[in-house]
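Here is a short briefing on one protein chain. Look at the structure first, then read the points below.

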Amino acid sequence: MNDLYYMKLAIEEAKKAFSEDEVPIGAIIVSRNRVIARAHNMTETLNDVTAHAEILAITAAENFIGGKYLRDCTMYVSLEPCVMCSGAIAWSQLSKLVYAAKDLKKGYTAVCGNILHSKIEIVTGILQLESEALIKDFFARKRNPKI
């Protein structure tokens, strides 16, 4: 099990979001080589602007472990987290964040630089092209439903 394997699972979650007409972002959280949470965007389904994949995955992981801190856990997410999600990542004390594609408009690094704690290991670019293609396809279909 490695970062590529787990990112493939996050991309599968993103594909679920796509099929549900949600922005295709997926996240999973891993502890000791075991997936303890998985989620995808559900903002439309739940009519909730905070129902991002990362937030839903953090909540599920915290419920799984029975505590609010996710030390020694890794989050894999198909797109760079927004400021809201990066705040939740920092507060939950995740040890590692791995994301596929950068979000040049709303990603936390574009909006306010690296706001995550220096102890969080960050890895980027794993399955970047696949994630970008999924997002581009989603928005192309939104603009032109005949695609």
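Start with Val123, which touches Asp3, Lys96, Leu97, Val98 and Tyr99, leaving out residues up to four places away in sequence. Contact here means heavy atoms within 4.5 Å. This is a predicted model, in which local features need pLDDT of at least 70, side-chain atom pairs count only at pLDDT 80 or more, and totals for chains, interfaces and linings use all residues. Residues are numbered from 1 along each chain as its sequence is written, and side-chain values use heavy atoms, with hydrogens and water left out.

**Val123 and its strand**

- Val123 sits in strand S5, residues 121-124.
- Strands (E, at least two residues) and helices (H or I, at least four) are DSSP runs, numbered from the N terminus.
- Val123 and Tyr99 are 24 residues apart in sequence. In space, their C-alpha atoms are 6.5 Å apart.

**The whole chain**

- The chain has 6 helices and 5 strands.
- Along the sequence, the pattern reads α-β-β-α-α-β-α-β-α-β-α.
- Taken along the principal axes, the C-alpha atoms fill a box of roughly 45 × 30 × 30 Å.
- Of the contacts with a separation of 6 or more, 59% join residues 24 or more positions apart.

**Surface and burial**

- The accessible surface of the chain is about 8000 Å². Carbon and sulfur atoms hold 54% of that surface.
- Accessible areas come from the Shrake-Rupley method with a 1.4 Å probe; for residues, only the protein chains shown count as cover.
- Buried residues make up 45% of the 147 residues.
- Buried means under 20% relative accessible area, exposed means over 50%, and partly exposed lies in between (1.4 Å probe, protein chains only).

**Met7, in a helix**

- Met7 lies in helix H1, residues 3-19.
- Is Met7 buried or exposed? Met7 counts as buried because its relative accessibility is 0%.
- Beyond its neighbours within four places in sequence, Met7 is in contact with Tyr76, Val77, Ser78, Val98, Tyr99, Ala100, Ile126 and Leu127.
- Leu70 is 63 residues from Met7 in sequence, and their C-alpha atoms are 18 Å apart.

**Arg34, in a strand**

- Arg34 belongs to strand S2, residues 34-40.
- Leaving aside neighbours within four places in sequence, Arg34 is in contact with Tyr6, Ile29 and Phe64.
- Arg34 and Ala53 are 19 residues apart in sequence and 18 Å apart in space, C-alpha to C-alpha.

**Residues in loops**

- Most residues other than glycine have a negative phi.
- Asp72 has a positive phi, near 65°, and is not a glycine.
- Asp72 is in the loop between helix H3 (53-65) and strand S3 (73-79). Its relative accessible area is 60%, so Asp72 is exposed.
- Gln93 also has a positive phi near 65°. Gln93 is in the loop between helix H4 (83-92) and strand S4 (96-101).
- Gln93 has 30% relative accessibility, so this residue counts as partly exposed.
- Gly67 is in the loop between H3 and S3. Gly67 counts as partly exposed because its relative accessibility is 28%.
- Gly67 and Ser92 are 25 residues apart in sequence, with their C-alpha atoms 9.6 Å apart.

**The largest pocket**

- Rolling a probe the size of a water molecule over the atoms shows where empty space is left.
- A pocket is an open set of points, on a 1 Å grid over the protein atoms alone, where a 1.4 Å probe fits, with protein on both sides within 12 Å along at least five of seven lines.
- The largest pocket holds about 780 Å³ of space. Of the 23 residues that line this pocket, Val23, Ile25, Leu79, Asp103 and Phe139 are the closest to its centre.
- Lining residues have an atom within 4 Å of a point. A volume is the space filled by probe spheres set on the points, which are joined across faces, edges and corners.
- Helix H6 (residues 128-143) gives the largest share of the lining, 5 residues.
- The lining has 11 nonpolar, 3 polar and 9 charged residues.
- Ala, Val, Leu, Ile, Met, Phe, Trp, Tyr, Cys and Pro count as nonpolar, Asp, Glu, Lys and Arg as charged, and the others, Gly among them, as polar.
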